[in-house]
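This briefing is meant for a reader who has not seen the structure before. Please look over the sequence and the model first.

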Amino acid sequence: MVLSAADKGNVKAAWGKVGGHAAEYGAEALERMFLSFPTTKTYFPHFDLSHGSAQVKGHGAKVAAALTKAVEHLDDLPGALSELSDLHAHKLRVDPVNFKVSSRAGPGQIWASGAENAAAPPPSPRPPDVPSLGSF
Amino acid sequence: MSILLTHPCPSPTPGGGPLPLTNSLILLGEGRTLGQEMRNKRPHSEEAAQTCFWPIRITSKLPDTMVHFTTEEKAAVASLWAKVNVEVVGGESLARLLIVYPWTQRFFDSFGNLYSESAIMGNPKVKAHGRKVLNSFGNAIEHMDDLKGTFADLSELHCDKLHVDPENFRLLGNMILIVLATHFSKEFTPQMQAAWQKLTNAVANALTHKYH
């Protein structure tokens, strides 16, 4: 899926509104993902997944940092994310169905959850183009 | 899950009772009780039952969550199953899963040498485990009318203890289909394939059912 110039602009604008709260959003996105898509929990049996868990907060911060990096490299997403891709494929061995955005059965739910976060962040106004975030 | 059905009737009973509802289906959640008004409105006689609106409460699983196999589908599955060598087909299905979708090896670090296609195909632990899994399918075939019940315990096990992403059940089901196709080329007609696809889908769903 290719991002148009307009898409890229929208994504940058939306992520810009996150401001310094990226880590919080990451943690909330993960929490939402675990609630809406319980099968994703199978990859975290070693985590405390209760509300407010320090492990989820820490991991959410990691995920958000990766997303921030992705937003900074929208012109070369495969390059920017190649190490993470290798990690998830070869070390973590996560089934790729979890990265699909539109699949009903399979997540990419971190994205969907992230989009929900972005759609209702407490202080900021609603970002202009959630479909762009979907493509992202 | 409770289902509240209302039976339509031409005119209300005298003496108050019927609910002025047309033929409708109202779903109530677990734990919600019917009100005292409902209990008062139960018909007091056979005649009243025939002639008035009255609520019927059915408490059971909704039938439409169940998969239904036709007689032909059951017969097709059974006829092929009778010819299946469980160790060979099971072992090969699991081996193919581990080869074609290498991330599925994540569950089998204790199986030893999985470093090449030939190593995987020849690995005795893979064969043994494949046989175990396919025997479970044999159990499914004997209980095709209640797969969710049959696999309830296994579903909990795969979620709570084994932490297996249910996508793997779908992938393995497809591997079984492919191995059956390679072993039974002539008998694996499109209808036979469709019946088995339905079975593997249903088993995957049944194994996912208890995930939380």
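The model is predicted. Chain A and chain B share an interface that buries about 1200 Å². Over all chains, the count of salt bridges comes to nine. The second largest pocket holds about 630 Å³ of space.

**Interface of chain A and chain B**

- On the chain A side 14 residues are in contact with chain B, and they meet 14 residues of chain B.
- Carbon and sulfur atoms give 57% of the area buried between the two chains.
- The residues of chain A that lose the most area to chain B are A:Thr42, A:Arg93 and A:Asp95, which together make up 47% of what that side buries.
- Seven residue pairs are in polar contact across this interface, counting pairs with both residues at pLDDT 80 or more.
- Sorted by class, the side of chain A that touches chain B consists of eight nonpolar, three polar and three charged residues.

**Salt bridges**

- Side chains of opposite charge can pair when their charged atoms come close.
- One salt bridge is found across the interface of chain A and chain B.
- A:Arg93 and B:Asp109 form a salt bridge through their side chains, at 3.4 Å from N to O.
- Within chain A, the side chains of A:Arg32 and A:Glu28 form a salt bridge at 2.8 Å, N to O.
- A:Arg32 and A:Glu28 are about one helical turn apart, because they lie four residues apart in helix α2 (residues 22–36) of chain A.

**Second largest pocket**

- The lining of this pocket has 25 residues, and those nearest its centre are B:His129, B:Val133, B:His158, B:Leu162 and B:Phe169.
- Two or more lining residues come from each of these elements of chain B: α4 (86–100), α6 (124–142), α8 (152–161), α9 (167–183) and α10 (190–208).
- By class, the lining has 17 nonpolar residues, seven polar residues and one charged residue.

Methods
Residues are numbered from 1 along each chain as its sequence is written. Chains are lettered from A and ligands numbered from 1 in the order in which they are written. This is a predicted model: local features need pLDDT of at least 70, side-chain atom pairs count only at pLDDT 80 or more; totals for chains, interfaces and linings use all residues. Side-chain values use heavy atoms; hydrogens and water are left out. Contact means heavy atoms within 4.5 Å. Buried area is the accessible area (1.4 Å probe) that two parts lose on being put together, summed over both. A salt bridge is a side-chain nitrogen of Lys or Arg within 4 Å of a carboxyl oxygen of Asp or Glu. A polar contact is a pair of N or O atoms within 3.5 Å; within protein, one must be able to donate a hydrogen and the other to accept it, and residues adjacent in sequence count only if both atoms are side-chain atoms. Ala, Val, Leu, Ile, Met, Phe, Trp, Tyr, Cys and Pro count as nonpolar, Asp, Glu, Lys and Arg as charged, and the others, Gly among them, as polar. On a 1 Å grid over the protein atoms alone, a cavity is a set of points where a 1.4 Å probe fits but cannot get out, and a pocket is an open set with protein on both sides within 12 Å along at least five of seven lines; lining residues have an atom within 4 Å of a point. Grid points are joined across faces, edges and corners, and a volume is the space filled by probe spheres set on the points.
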